[in-house]
Amino acid sequence: MVAAMDISIRKAERSKLQDMNLDNLPFGKYFTDHMLEADYENGEWKNVEIKPYQPLLLNPSVAALHYGQAIFEGIKAYKDKDGNAYIFRPHDNYNRFNISAERMQMPQLPEEIFMEGMKQLVALDKSWIPTKEDHSLYIRPFMFSSDEVIGVRPSDNYKFLIILSPTGPYYNAPMRIYVEEKYVRAVPGGVGFAKAAGNYGAAMYATAQAKKIGYDQVLWTDAFEHKYVQEIGTMNVFFIIGSTAFTPSLEQGTILDGVTRQSSITLLKEMGFAVEEKQLNIDDIIDAYKAGLLYEVFGTGTAATISLIKELRYKDFVMHFDVASWQTAPLLKKWLTDIREGRREDKYNWMLKV
Ligand code: COI
């Protein structure tokens with residue numbers, strides 16, 4: 001166990017914040033003054049340090065660069081109107097981090113390093129939290145194998161880091177989505193539920209193909225029939241059909257158990273929707289669209305928050321949506337934002353004060 005006092009802090013001599021404008025930020029391009037770094041060696045976590053943001057010095061044989069034993073998380077911090085800083089549901093990300101670690105044969109990370117380290121880091125760089133609409137401080141914890149050997153086996157050594165990025169919206173406008181039926185993201189028994197770095201790298205080719213024909217992202221389908229929808233790019237997906245919100249279920253282990261997904265399920269229920277987590281066949285979604293019952297389609301994610309989908313294409317069939325008339329996804333986004341920024345009661349205890 002690493003207690004709070006075991007995290008050493010070395011402060012940057014000069015803050016880069018004075019050269020920054022925290023309005024209209026792109027996603028994930030700028031980083032704050034400090035980062036947290038810890039080492040796993042000889043079966044224990046040690047050297048937990050918050051220090052100036054800086055490059056890592058790595059041997060070219062470092063295992064993660066060759067075999068991809070690497071996982072990460074995405075979390076956001078916000079400020080309320082009085083300038084208090086809060087982190088949204090970080091403990092859920094902590095739990096998922098260790099689920100990913102287990103699947104990738106990596107060591108478990110003690111809660112104190114993740115939670116207390118993150119709190120102290122965010123507290124130190126609190127003035128970097130943007131307050132502009134759709135902006136926040138994106139928190140990126142990650143771990144990778146650091147043995148200097150190119151034999152294929154789990155490493156004995158790992159590094160854990162947290163970096164912080166003041167950030168604007170991930171997707172700027174309502175999206176056009178291509179239902180993918182050639183390439184696959186995840187299969188039962190695979191690593192789709194883990195936040196493994198390779199899941200994102202492996203998605204890039206198919207996404208680039210869809211972009212070439214004008215789509216922003218793909219909606220992945222199952223590997224066997226290419227019928228059951230999974231998730232979109234960096235988001236989980238919801239369909240409002242009649243008075244029910246449908247989202248793909250987790251039991252196949254092929255989609256990420258998103259924290260924004262869970263939060264959306266809770267808030268949609270609070271709005272009075274029935275919420276069904278189940279295997280969703282694209283043919284049923286198309287039938288609902290043809291019957292005029294598919295009211296809204298949106299993605300949920302930490303980076304993406306709530307992203308409206310204005311077009312969904314399956315083979316040659318294109319579904320168009322008049323997102324300007326939607327009620328539910330915009331309200332969901334407003335409720336989430338209001339909870340995060342302290343304008344709506346945090347009745348589910350989602351916000352952790354820094
Ligand atoms: C997140 O929402 O935090 C993600 O994982 C998306 C990220 C890959 C940009």
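Tutor: Start in helix 7, residues 328-340. Lysine 334 and aspartate 338 both sit in this helix. They are 4 residues apart, about one turn of the helix. Keep in mind that this is a predicted model. The two side chains meet in a salt bridge, with 2.6 Å from N to O. Are the two partners buried or exposed? Lysine 334 has a relative accessibility of 46%, so this residue counts as partly exposed. Aspartate 338 has 9%, which is under the 20% cut-off, so aspartate 338 counts as buried.

Salt bridges can also share partners. Glu37, Asp39, Lys51 and Lys159 are joined into one network in this way. Look at lysine 159 in that network. Its place is strand 8, residues 158-167. Lysine 159 is buried because its relative accessible area is 15%, under the limit of 20%. What does its side chain meet in a polar contact? The partner is the side chain of glutamate 37, at 2.7 Å. Leave aside the neighbours within four places in sequence, and lysine 159 still has several contacts. Among them are Glu37 and Asp39, together with Trp45, Phe142 and Phe144. Ala38, Met143 and Ser146 are in contact with lysine 159 too.

Now count over the model. The salt bridges come to 22. One of them joins arginine 185 and glutamate 231, at 3.3 Å from N to O. Arginine 185 lies in the loop between strand 9 (175-179) and helix 4 (197-212). Glutamate 231 is in strand 11, residues 229-232. The pair therefore ties together parts that are 46 residues apart in sequence.

Another salt bridge links aspartate 92 with arginine 89, the closest N and O atoms being 3.3 Å apart. Here the two partners fall into separate classes. Aspartate 92 is partly exposed, with a relative accessible area of 32%. Arginine 89 counts as buried, at 13%.

Next, step back to the domains. The protein is divided into domain 1 (4-169) and domain 2 (175-340). Their centres, taken over C-alpha atoms, are 27 Å apart. Domain 1 gives 20 residues to the contact, and domain 2 gives 21 residues. Together the two domains bury about 1800 Å² between them. Of that area, 62% is on carbon and sulfur atoms.

How many salt bridges run between domain 1 and domain 2? The count is 1. Its side chains are those of aspartate 134 and lysine 333, at 3.0 Å from N to O. Polar contacts cross the interface as well, in 12 residue pairs. Which elements build the side of domain 1 that touches domain 2? Strand 4 (70-72), strand 5 (75-79) and helix 2 (90-103) each supply at least two residues. Helix 2 gives the largest share, 6 residues. By class, this side of domain 1 has 10 nonpolar, 3 polar and 7 charged residues.

Phenylalanine 88 is worth a stop. This residue lies in strand 6, residues 85-88. At 5% relative accessibility, phenylalanine 88 counts as buried, because buried means under 20%. Isoleucine 75 is 13 residues away from phenylalanine 88 in sequence. In space the two are 6.8 Å apart, C-alpha to C-alpha. Residues up to four places away are not counted in what follows. Phenylalanine 88 touches Ile75, Lys76, Tyr78 and Asn93, among others. Its contacts also include Val259, Ser263, Leu336 and Arg340. Trp350 and Met351 are on its list as well.

Asparagine 24 has a phi near 55°, a positive value in a residue other than glycine. This asparagine is found in the loop between strand 1 (8-9) and strand 2 (34-41). Asparagine 24 is exposed because its relative accessible area of 59% is over 50%. Lysine 315 also has a positive phi, near 50°. Lysine 315 lies in the loop between strand 16 (305-314) and strand 17 (317-320). Its relative accessible area is 43%, so lysine 315 is partly exposed.

How values were computed
Residues numbered from 1 in each chain as written. Predicted model: local features only at pLDDT ≥ 70, side-chain atom pairs only at ≥ 80, totals over all residues. Heavy atoms only, no water. Domains from an automatic or database assignment. Contact = heavy atoms within 4.5 Å. Buried area = accessible area lost by both parts, 1.4 Å probe. Salt bridge = Lys/Arg side-chain N within 4 Å of Asp/Glu carboxyl O. Polar contact = N/O pair within 3.5 Å; in protein donor to acceptor, adjacent residues only side chain to side chain. Nonpolar A, V, L, I, M, F, W, Y, C, P; charged D, E, K, R; others polar. Buried < 20%, exposed > 50% of the residue type's maximum accessible area, 1.4 Å probe, protein only.
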